[in-house]
Amino acid sequence: MLTTSMRLTVACATVCVLILCALPWDMPEARPRSMEDLARISNKLLSTGVSYGAIPSLYRPKYDRIQEVNLSSSDDDIVFVVMLPDGPRIYPQRIMVWHQVVNEIVDDLAYAITYCPTTGTLMAYDASMAGLNLIFDPEGRIYDGNSVLIDRNSGSLWLQETGMAFEGPLMGRGMPTLPVFWTNWGAAKRVFPTALVLSKPAGNRPYGRDPYGSYQRQESYYQNDKLIYPVERLDRRFHRKTPMLCLEYKGYLLGIDIGYVKKKGAVNFFIGPHALLAAYDQKLEVVRIFNRQIWAEPFLFVPRYGKIMDLTTRSIWDTATGTAVEGNMKGASMPQFYGGYSMWFAWYSLNPETFVIPGPGEVSDKLISPAPPGQEPAAANPPQTHNAP
């Protein structure tokens with residue numbers, strides 16, 4: 001059970017975050033909040049020298065089976081998993097970097113899988129738009145470092161990161177997002193062995209070579225500190241290209257340092273009055289977000305041998321589903337929430353009012369001990385997983 005001290009500290013953390021949220025005039029705002037904000041974007045578009053059509057999107061492409069792709073793929077190859085209505089599909093980054101948009105039709109409804117390599121922004125959208133079934137292409141210009149998309153249906157321009165139209169007949173319209181996961185080939189094929197994998201398109205593009213380098217090489221664009229295009233705002237709390245899991249939750253914007261959560265295994269935090277949990281799913285090698293408000297008081301969680309354990313009932317929960325698999329809470333589940341992916345510099349420049357993890361909303365480690373009262377804390381993970389000397 002939570003001690004009185006723990007309750008007071010968590011309550012204080014909640015109050016502090018609430019106070020911060022109650023003072024929006026002290027925080028810069030950038031994400032478009034009105035038609036006027038959207039209209040101003042058109043005046044700040046930057047030409048990249050890439051003309052419309054030079055980066056061809058894909059429309060209803062072909063797919064291969066895991067077994068076919070496995071022969072030509074390495075386990076550490078970057079892939080994107082998108083949860084479409086007919087099941088998961090896998091999109092290799094080495095193909096997406098050359099096309100940036102894949103237009104899908106599932107059950108007569110349109111979906112757009114989008115990737116901006118210069119900002120590391122991965123988003124997937126329901127593009128059905130009440131029957132319009134939008135088809136997207138990279139337009140060629142950028143805004144604040146991020147790709148601009150154009151739909152063939154109306155010619156409207158859209159922000160790739162937000163899925164919102166800022167110019168044209170559909171100005172002000174937005175698209176719902178789909179669950180996406182940025183992971184690697186080894187994890188994706190292990191978790192989704194029957195998933196379809198985007199086939200290499202016909203043509204002579206060098207799909208084995210990334211024009212921006214490699215996520216595995218420190219000297220490449222993806223890892224260095226250099227920006228190709230200027231942005232309006234920069235923030236030094238994280239390395240510019242830190243991979244972040246980004247989402248909007250109950251009106252709050254949130255950026256989570258993926259590497260930080262991977263290292264800790266589980267991070268309990270508040271955003272406004274909401275008690276959330278970021279947990280590292282070792283099987284898919286991704287961070288997942290859950291609402292940890294199980295009872296009247298939120299549960300606290302610690303990593304436990306590849307899963308997580310709550311400190312209230314000491315039940316064991318699956319990090320992939322947020323479902324209790326052992327203990328008194330067996331069968332209970334936490335709601336899961338999904339976001340997109342972006343490098344820190346790109347997410348912050350458009351969303352400077354974002355909350356971050358690690359940050360002030362995080363529950364202190366001093367309140368979290370996996371041991372019952374009177375016992376020494378046990379290791380949260382098996383000893384063999386500790387790499388520190």
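Predicted model: local features only at pLDDT ≥ 70, side-chain atom pairs only at ≥ 80, totals over all residues.

**Confidence**

The protein chain averages a pLDDT of 88, and 87% of the residues score at least 70. I then noted the stretch over residues 1-29, where the pLDDT is below 50. Beyond near neighbours in sequence, residues 1-29 have 35 contacts in the model. Residues 376-389 also have a pLDDT below 50, with 20 contacts beyond near neighbours in sequence.

**Cysteines**

How many disulfides did I find? My count came to zero, with a pair needing its cysteine sulfur atoms within 2.5 Å. I looked at burial as well. Cys 116 is buried, at a relative accessible area of 0%. Cys 246 is buried too, with a value of 4%.

**Ring pairs**

Next I searched the whole structure for aromatic pairs and got 19.

- Tyr 63 and Tyr 91 make an edge-to-face pair, with 6.2 Å from centre to centre and 85 degrees between the planes. Tyr 63 sits in strand 2 (residues 63-64) and Tyr 91 in strand 4 (residues 87-92), so this pair ties together parts that are 28 residues apart in sequence. I found both Tyr 63 and Tyr 91 buried.
- Phe 136 and Trp 158 are edge-to-face as well, at 5.3 Å centre to centre with 85 degrees between the planes. Because Phe 136 belongs to strand 8 (residues 136-143) and Trp 158 to strand 10 (residues 157-159), the pair ties together parts that are 22 residues apart in sequence. Phe 136 is buried, and Trp 158 is buried.

**A ring cluster**

Which residues do ring pairs link into a cluster? I listed Phe 80, Tyr 115, Trp 182, Tyr 212, Tyr 215, Tyr 221, Tyr 222 and Tyr 341.

**Charges over rings**

My last stop was charged side chains sitting over ring faces. Lys 250 lies over the face of Tyr 249, at 5.8 Å from the ring centre. Arg 292 lies over the face of Phe 270, and here I noted 4.8 Å from the ring centre.

Methods
Residues numbered from 1 in each chain as written. Heavy atoms only, no water. Buried < 20%, exposed > 50% of the residue type's maximum accessible area, 1.4 Å probe, protein only. pLDDT = per-residue confidence, 0-100. Contact = heavy atoms within 4.5 Å. Phe/Tyr/Trp six-rings, centres within 6.5 Å; stacked < 30°, edge-to-face > 60°. Helix = DSSP H or I, 4+ residues; strand = E, 2+ residues; numbered from the N terminus. Lys NZ or Arg CZ within 6 Å of the ring centre and 35° of its normal.
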